[in-house]
Amino acid sequence: MNMQTQYMGFTLETPLIIGASPLADDSQRVGALVEAGAAAVVLHSLFQEQIDGEHFSTVYLREMYADAQPRRDDFIDPTAFHSNPEQYLSHIENLKKMVNVPVIGSLNGSRPGGWIRYAEHIQQAGADALELNLYAFPSDPSISGQDVENQMLDIIRMVTGSVRIPVAVKVSPFLSSLPHFASAVQHAGAAALVLFNRVYQIPEETIMRDSEPAGHQQDSAHLQIRLYWLAVMAQHLNVSLAISGAVNTGTDVFKAVKAGAHAAQVVSAVLRSGPNALRNILREFQQCMLQQHCQSIDDLRRVTRFDQVPDPETCERLRYMRALQHWQQ
Ligand SMILES: Cc1cc2nc3c(=O)[nH]c(=O)nc-3n(C[C@H](O)[C@H](O)[C@H](O)COP(=O)(O)O)c2cc1C
């Protein structure tokens, strides 16, 4: 069976990508993941706070968050990052020598700043592509949704304008008009959208007290919102689409490709079960394909008519009304 797919201009041998995480920190582990079926890897992010902190000293980090919660400087302790920016770049160089799949660097920030220059450094280090994660938690009532989106688009334009390698943008589902924003991201030069950025659900008592890391597991119930938006985006956009979040089985990947994904990023399943998770996912994915009489992902995409997805707005209203009306004690 031919599992090749096109993502950001690359021909991937399978639709599986190792999502941004420490999984790519170790070159040998990446080799094992590639052998098990990973067709590309995204490195963990270099964070704005980390890069600008390198330039402006750790005092800057403390000042930046000084009026926030107590003990805030604990959790942006620069020594807590996996690697410093220089180590990150040399890791890309080394990894490129070790594996022959696309290596995707990741930059993570929320405000314009010096960190954006690292897009070029990541390119120079040999990364094949870059993923941009603009995770933010806008909480200032004087800043409108439009302002928030404009700032993100400014950052995307600065990044895409500074590099030749393709840039993917990992987006959040919490925007008022996601298709409008996605289309603006495409016009800002992005080659791919990654749906979605993961929002860590931090228990209430934790928010009040401190900032302990949240749990890492998402089950397939979280898949639904991603499939829904993939189907909507696939109708309107000309960029590559990747799903990220709650992809644990081959059936999940099959549903994602059917909904319009070109690739599926996996993290938690591999953290739990190692490279075998990828083998199992691919085996089940192939079974799903055969049941649909598809010999290739192209076959599957041909039988899925993205332009015939019914009006999602009306469908969602109907589904919502039905759910409320059919409630029984
Ligand atoms: C331990 C861990 C570290 C992660 N680090 C990053 C990161 O540095 N940058 C990023 O964009 N996403 C990061 N993520 C999010 C993942 O890329 C992915 O979006 C998320 O885990 C959902 O996918 P999953 O359900 O397959 O785990 C991380 C996730 C985990 C579990």
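Me: Why are α10 and α12 called oblique to each other?
Reply: Helix α10 (residues 250-259) and helix α12 (residues 275-291) pack at an angle of about 55°. Roughly parallel would require an angle under 35 degrees, and roughly perpendicular 65 to 115. The pair is therefore oblique. The axes of α10 and α12 lie 7 Å apart, and α10 passes α12 in a right-handed crossing.

Me: What makes up the contact of α10 with α12?
Reply: From α10, Gly 250, Thr 251, Val 253 and Phe 254 take part. Their partners in α12 include Ile 281, Leu 282, Phe 285 and Met 289. By class, this contact has seven nonpolar, three polar and two charged residues.

Me: Which residues come nearest to the ligand?
Reply: They are Gly 19, Ala 20, Ser 45, Val 267 and Ser 268, out of 20 residues around the ligand. Strands β3 (16-21) and β6 (103-108) each supply at least two residues of this shell; β3 gives the most, with three residues.

Me: How do the residues of the shell around the ligand divide by class?
Reply: Twelve are polar, six nonpolar and two charged; Gly is counted among the polar residues.

Me: Where does pLDDT stay under 50?
Reply: The protein chain averages a pLDDT of 86, and 82% of the residues score at least 70. Over residues 68-78, however, pLDDT stays under 50, and the model has 13 contacts beyond four places in sequence for them. Residues 205-216 also have a pLDDT below 50, with nine contacts beyond near neighbours in sequence. Where pLDDT is low, predicted coordinates should not be read in detail.

Conventions. Residues numbered from 1 in each chain as written. Predicted model: local features only at pLDDT ≥ 70, side-chain atom pairs only at ≥ 80, totals over all residues. Axes fitted to C-alpha atoms, helices over the stretch in contact; angles between N-to-C directions. Helix = DSSP H or I, 4+ residues; strand = E, 2+ residues; numbered from the N terminus. Parallel < 35°, antiparallel > 145°, perpendicular 65-115°, else oblique. Left-handed = near helix turned anticlockwise from the far one by under 90°. Contact = placed C-beta atoms within 7 Å. Near = placed C-beta within 6 Å. pLDDT = per-residue confidence, 0-100.
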